[in-house]
Every structure is written in structure tokens, then in C-alpha cells.
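Student: Hi, I'd like to go through this structure with you. Can we start with contacts between charged side chains?

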Amino acid sequence: DAVQLEEHTLNACPHLKMEAVPLQLEHRQDVIDIIVSSFYNKADLEQWLKPGVLRTDYSDILNDIWSVLVDCELSFVIYDRNTERIIGTALNFDARCEPEVDIKSKLLIIFEFLEFCEGPIRDNYLPKGLNQI
């Protein structure tokens with residue numbers, strides 16, 4: 001039942017005191033470290049491109065779009081208040097207002113593939129206009 005699932009999910013990490021906080025400029029390095037570590041080490045598609053993908057490929061993109069990420073107010077970080085460390089993040093954009101990114105690495109293959117998959121669905125099936133998706 002949904003209530004039991006929700007309670008189980010909330011109690012899955014009872015040792016953590018988690019808090020979601022809107023993304024701020026000062027979160028930059030912690031978020032970059034989390035994203036680079038996660039995607040460089042674990043992302044499925046990127047594993048097929050190694051050794052052509054560098055850690056700096058991810059950080060360069062994030063640095064380029066950082067102020068836009070903060071300004072659009074759709075992203076957040078998760079703090080563990082027991083340690084005051086950022087332990088997670090979600091970076092989000094309005095699907096109709098994603099920033100232009102000049103990608104100069106093999107990650108361009110990933111972004112083109114994702115656009116190939118997502119573009120037709122976004123353009124033909126999802127609500128039109130800003131602040132809809």
C-alpha cells in the first residue's frame with residue numbers, strides 16, 4: 001500500500017537528516033564534484049565513449065551553465081544536516097527553455113543521442129509553452 005511504501009522510503013536512511021535546499025551560487029563546487037563523480041564513473045552511455053571522455057568535460061559544461069541553473073530556480077541540493085554536507089542534487093530546466101551549451105568533447109554524442117530520443121516526444125506530445133514541463 002502507498003502509505004507503507006512512503007513510510008518505508010522515508011525511513012530508508014534514518015541516520016540521515018536530509019533537507020532539500022534551492023540551488024545557490026555557492027553550491028557550485030560540491031554539485032560539480034557530485035555530478036562529475038556520478039556520471040564519469042557510473043553513467044551507462046558514457047562508459048562506451050571512454051577513454052575519450054574526461055572529467056573536465058562535465059565540469060566545463062556545468063561551469064558554463066551554472067548561473068542559468070541557479071537563476072531558473074528549478075534545481076536543488078540535498079543536505080545531510082547531521083554533517084552539513086551536500087549529499088545529492090537535482091539539476092532541472094524548463095524543457096522549453098534549456099540553455100544553449102557549446103560542447104567541445106565526446107559528450108556531444110550523448111547530448112545528440114538524448115535530443116534524438118527526447119526531442120520528438122517533447123515537441124509532439126508534451127504541453128507547449130514555458131512553465132508547463
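Student: How many salt bridges does the structure hold?

Tutor: The structure holds six salt bridges. A salt bridge here is a side-chain nitrogen of Lys or Arg within 4 Å of a carboxyl oxygen of Asp or Glu. This is a predicted model: local features need pLDDT of at least 70, side-chain atom pairs count only at pLDDT 80 or more, and totals for chains, interfaces and linings use all residues. Residues are numbered from 1 along each chain as its sequence is written, and side-chain values use heavy atoms, with hydrogens and water left out.

Student: Which residue forms a salt bridge with E19?

Tutor: R81 does, with the closest N and O atoms 2.5 Å apart.

Student: And what does that pair tie together?

Tutor: E19 lies in strand β1 (residues 18-22) and R81 in the loop between β2 and β3, so parts 62 residues apart in sequence are tied together. Strands (E, at least two residues) and helices (H or I, at least four) are DSSP runs, numbered from the N terminus.

Student: OK, the sheet. What is the strand order?

Tutor: The order is β1-β2-β3, in an open sheet with antiparallel pairing. Two strands pair if DSSP finds at least two bridges between them. β1 and β3 stand at the edges with a single partner strand each, so one side of each has no neighbour in the sheet.

Student: How many bridges join β2 to β3?

Tutor: Five, between residues 76-80 and residues 85-90. Y79 has I86 as its bridge partner in β3, and V77 stands opposite T89. The two strands form a hairpin with four residues between them, and E84 in the turn has a positive phi of about 60°.

Student: Switching to helices. How do α2 and α4 cross?

Tutor: The axes of α2 (residues 28-42) and α4 (residues 55-71) come within 9 Å and cross at roughly 140°. Axes are lines fitted to C-alpha atoms, for helices over the stretch in contact, and angles run from 0 to 180 degrees between N-to-C directions. α2 and α4 are therefore oblique; under 35 degrees counts as roughly parallel, over 145 as roughly antiparallel, 65 to 115 as roughly perpendicular, and the rest as oblique.

Student: Which residues meet there?

Tutor: Among them are I35 and F39 in α2, and L62 and W66 in α4. Contact means heavy atoms within 4.5 Å.
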